[in-house]
Amino acid sequence: RLLDGERERWVGAWRELQPGPLAGRVLAEERLDGLEPWQPRGRGEPKRYRLVVEAEGGELLAERRVGFRRIELSTRAVGKRLANYEVRSPKRTVAAMDGSGSGEGGGEEVVESYEAGPWSHVKVPPHEVERLEFRLVVNGEPLFLRGFNWQPLESQLADVTPARLEDALEAYRDVNANAIRVWGGAYIESERFYEFMDEHGI
């Protein structure tokens, strides 16, 4: 069941699949119409609903808060520009003899080109390319990101007290951030970290 306060907005039901290799039970698919989307900070309410999963006899199996949003990365072409580089692996050229002739080192010279090494900016003659935008679109509207890079408060997650985490997160909220980037070399943050972000539209 999906609840908005005490009001039921959706009730799902299990249905039996026909006998065969996929026999079993699945949750019936239904569209959830008329729900308010979760909105980022500064654009509206980060609306969330209470999702309750119960057994047929009424036993509570799971309960949590959920929101609905659509996030896209737009890279559409918005014009033209001149570029004097390409992003790719640099090409290496090797010349060798194919050994078809008689004697040491005889034969035809063979020249091979191949890409080697990590991708980088490879200089090329100036040429016209498409200019692409790079921006986040949330619920169909472009979003200007205002945020920070998050690094662990301590080297060990267990050393971070709930109070200290809450103080740090509230500081980000109070300066009106709408995005936090969790540094890729860090550990996965606590459930409370992500719950806070959902609550406050970050």
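This is a predicted model: local features need pLDDT of at least 70, side-chain atom pairs count only at pLDDT 80 or more; totals for chains, interfaces and linings use all residues.

**A close look at helix H2**

Guide: H2 gives four residues to the lining of the largest pocket, the most of any element.

Begin with the pocket itself. Its volume is about 370 Å³. The lining of this largest pocket takes in 18 residues, and those closest to the centre are Ile-71, Asn-178, Ala-179, Ile-180 and Ile-202.

Now turn to the helix. H2 covers residues 191-199, and Arg-192 lies in it. What does Arg-192 touch, once neighbours within four places in sequence are left aside? Its contacts are Leu-165, Glu-166 and Glu-199. Take Glu-166 from that list. In sequence, Arg-192 and Glu-166 are 26 residues apart. In space, their C-alpha atoms are 8.7 Å apart. Is Arg-192 buried, exposed or partly exposed? Its relative accessibility is 29%, so Arg-192 counts as partly exposed. The reasoning rests on two cut-offs: buried means under 20%, and exposed means over 50%.

Next, look at Glu-191. Glu-191 forms a salt bridge with Arg-64, and the closest N and O atoms are 3.5 Å apart. Glu-191 sits in helix H2 and Arg-64 in strand E6, so this pair ties together parts that are 127 residues apart in sequence. Check how open each partner is. Glu-191 has 53% relative accessibility, so Glu-191 counts as exposed. Arg-64 has 48%, so Arg-64 counts as partly exposed.

Follow strand E6 from there. Glu-63 makes a salt bridge with Arg-50, with 3.0 Å between the closest N and O atoms. Glu-63 is in strand E6 (residues 60-66) and Arg-50 is in strand E5 (residues 49-54); the two residues are 13 apart, and the pair links distant parts of the chain. Glu-63 has a relative accessible area of 43%, so Glu-63 is partly exposed.

The structure holds 15 of them. One joins the side chains of Arg-1 and Glu-8, at 3.1 Å from N to O. Arg-1 is partly exposed because its relative accessibility is 30%. Glu-8 is partly exposed too, because its relative accessible area is 42%. A network of salt bridges links Arg-1, Glu-8 and Glu-54.

Charged pairs are one side of the story. For a nonpolar example, find Tyr-85, Val-87 and Trp-119, which make a surface patch of about 340 Å². Val-87 belongs to strand E8 (residues 77-88). With 44% relative accessibility, Val-87 counts as partly exposed.

Finally, step back to the whole protein. Its secondary structure comes to two helices and 15 strands. The protein has 202 residues, and 23% of them are buried. The accessible surface comes to about 14,500 Å², and carbon and sulfur atoms hold 51% of that. Take the contacts with a separation of 6 or more: residues 24 or more positions apart account for 62% of them.

Note on methods: Residues are numbered from 1 along each chain as its sequence is written. Side-chain values use heavy atoms; hydrogens and water are left out. Buried means under 20% relative accessible area, exposed over 50%, partly exposed in between (1.4 Å probe, protein chains only). Contact means heavy atoms within 4.5 Å. Patches are made of residues with over 30% relative accessible area and no salt bridge: like charges are joined within 9 Å, nonpolar side chains (Val, Leu, Ile, Met, Phe, Trp, Tyr) within 5 Å. Accessible areas come from the Shrake-Rupley method with a 1.4 Å probe; for residues, only the protein chains shown count as cover. A salt bridge is a side-chain nitrogen of Lys or Arg within 4 Å of a carboxyl oxygen of Asp or Glu. On a 1 Å grid over the protein atoms alone, a cavity is a set of points where a 1.4 Å probe fits but cannot get out, and a pocket is an open set with protein on both sides within 12 Å along at least five of seven lines; lining residues have an atom within 4 Å of a point. Grid points are joined across faces, edges and corners, and a volume is the space filled by probe spheres set on the points.
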